[in-house]
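Here are a few notes for a colleague meeting this structure for the first time. Please keep the model open while reading.

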Amino acid sequence: MYSQYTDAVKSSVDTEALKGRINNAENATDEELMKVCKEFEAYFVEQVYKEMINTIPQEKNSTSSLVDYFKDQTVSEIAKQTTEGANSIGLAQSLYEQMRRNYE
C-alpha cells in the first residue's frame, strides 16, 4: 500500500548527478569540489547506517512500508548531521585533497 513511498525515496542523494559532478571536478572551484566531497561523504555514511539497520531482525506488518519510508528519511538526516563540521569522519577532506592534487 505504501510501497510507492519507499520506491520514491531510496537515498537522499541523486547518485547520477553526484557522479556527473565528480567527473567534472577538474573544472570545479575549490568550494564546489568540497561541496561534492561532503555530499559523497554523507551518501557513504548513509549507506553504512542503512546496512547496519539491515542487520537487525524486523517484523513485517501492514505499516512496515510507511515506517521504512520515514526510517530512510531519518537515516538520511542523521548521516548529513554526522558529516557536518567537527563530526565529520574526514572522508570529504581526504577526497578533496586527493582530487586537488590530481587536477593541478
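Which residues line the largest pocket? Point 2 answers this, after a word on the overall fold.

1. Overall make-up. This is a predicted model. The chain has five helices and zero strands. Along the sequence, the pattern reads α-α-α-α-α. The chain has 104 residues, and 27% of them count as buried.

2. The largest pocket. Its lining is made up of Q47, K50, E51, I53, N54, Q58, K60, D68, K71, D72 and V75. The volume of this pocket is about 180 Å³.

3. Who supplies the lining. Helix 3 and helix 4 (64–82) each give at least two residues to the lining of the largest pocket. Helix 3 contributes the most, with five residues.

4. The largest nonpolar core. Seven residues form it: A28, L33, M34, C37, A92, Y96 and M99. Helix 3 (30–54) and helix 5 (91–103) are the elements that each give two or more of these residues. In soluble globular proteins, nonpolar side chains tend to be buried together.

5. A residue to look at. Y96 belongs to that core. Leaving aside residues up to four places away in sequence, Y96 touches D30, L33, M34 and C37.

6. Contacts and surface. Take the contacts in the chain with a separation of 6 or more: 81% of them join residues 24 or more positions apart. The accessible surface of the chain is about 7200 Å². Carbon and sulfur atoms account for 52% of that surface.

Notes
Residues are numbered from 1 along each chain as its sequence is written. This is a predicted model: local features need pLDDT of at least 70, side-chain atom pairs count only at pLDDT 80 or more; totals for chains, interfaces and linings use all residues. Side-chain values use heavy atoms; hydrogens and water are left out. A nonpolar core is a set of buried Ala, Val, Leu, Ile, Met, Phe, Trp, Tyr and Cys residues joined through side-chain atoms within 4.5 Å. Buried means under 20% relative accessible area, exposed over 50%, partly exposed in between (1.4 Å probe, protein chains only). Helices (H or I, at least four residues) and strands (E, at least two) are DSSP runs, numbered from the N terminus. Contact means heavy atoms within 4.5 Å. On a 1 Å grid over the protein atoms alone, a cavity is a set of points where a 1.4 Å probe fits but cannot get out, and a pocket is an open set with protein on both sides within 12 Å along at least five of seven lines; lining residues have an atom within 4 Å of a point. Grid points are joined across faces, edges and corners, and a volume is the space filled by probe spheres set on the points. Accessible areas come from the Shrake-Rupley method with a 1.4 Å probe; for residues, only the protein chains shown count as cover.
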